[in-house]
Amino acid sequence: MNLLVEIPSFLQPIIDGLNIEGYITEGYNFVMALSAIEQLVGALGLVIIVILGTFELIKKLSKLIIVVAVLFGLWVLYNQGFLEGIIG
């Protein structure tokens, strides 16, 4: 296996049993056997999926970032003692 990272010895039999390199080779051979039009349509489909997925990820992360920012702001206010009159 020609990986750039060192794989722990207890994981090596599992990775060898999965035959990942074989699947990669089969996938590459399948794509290379397609005509140029089929490759182009597949690439366009992949680009559309990646772009839509990126926008969905941004939407989810932006909501998460807003929630974290509000929580952090409340934490700062609490640590500074600004919320003592409200919370008690």
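Starting at the N terminus, the elements of the chain follow the order α-α-α-α. That makes four helices and zero strands, where helices (H or I, at least four residues) and strands (E, at least two) are DSSP runs numbered from the N terminus. What you see is a predicted model, in which local features need pLDDT of at least 70 and side-chain atom pairs count only at pLDDT 80 or more, while totals for chains, interfaces and linings use all residues. Residues are numbered from 1 along each chain as its sequence is written, and side-chain values use heavy atoms, with hydrogens and water left out.

The predictor's confidence in each residue is called pLDDT and goes from 0 to 100. Its mean over the chain is 87, and 94% of the residues reach 70 or more. Confidence is highest in α3, at a mean of 93, and lowest in α4, at 76.

Now step back and look at the overall form. The C-alpha trace spans about 70 × 40 × 20 Å along its principal axes. The chain has a radius of gyration of 25 Å, whereas a compact globule of 88 residues would have one near 12 Å; this radius is taken over C-alpha atoms, and the globule rule is 2.2 Å times the number of residues to the power 0.38. Buried residues make up 5% of the 88 residues, buried meaning under 20% relative accessible area, exposed over 50%, and partly exposed in between (1.4 Å probe, protein chains only). The accessible surface comes to about 7900 Å², and 74% of that belongs to carbon and sulfur atoms. Such areas come from the Shrake-Rupley method with a 1.4 Å probe, and for residues only the protein chains shown count as cover.

Although N19 is not a glycine, it has a positive phi of about 55 degrees. N19 counts as partly exposed because its relative accessibility is 42%.

Next comes α3. This helix has 45 residues and reaches 64 Å from its first C-alpha to its last, close to the 66 Å expected at 1.5 Å a residue; the expected span is 1.5 Å times one less than the number of residues. L52 has its place in α3 and, at 54% relative accessibility, is exposed. From L52 to V31 there are 21 residues in sequence and 23 Å in space, C-alpha to C-alpha.

The structure holds one salt bridge, meaning a side-chain nitrogen of Lys or Arg within 4 Å of a carboxyl oxygen of Asp or Glu. K59 forms it with E56, and their closest N and O atoms are 3.2 Å apart. Because K59 and E56 are three residues apart in helix α3 (residues 36-80), about one helical turn separates them. K59 is partly exposed at 44% relative accessibility, and so is E56 at 38%.

Finally, just after α3, G81 takes a positive phi of about 85 degrees. F82 sits in the loop between α3 and α4 (84-87), and its 60% relative accessibility makes F82 exposed. Together with I66, V67, V70, L71, L74 and L77, F82 makes a nonpolar surface patch of about 680 Å². Patches are made of residues with over 30% relative accessible area and no salt bridge, with like charges joined within 9 Å and nonpolar side chains (Val, Leu, Ile, Met, Phe, Trp, Tyr) within 5 Å.
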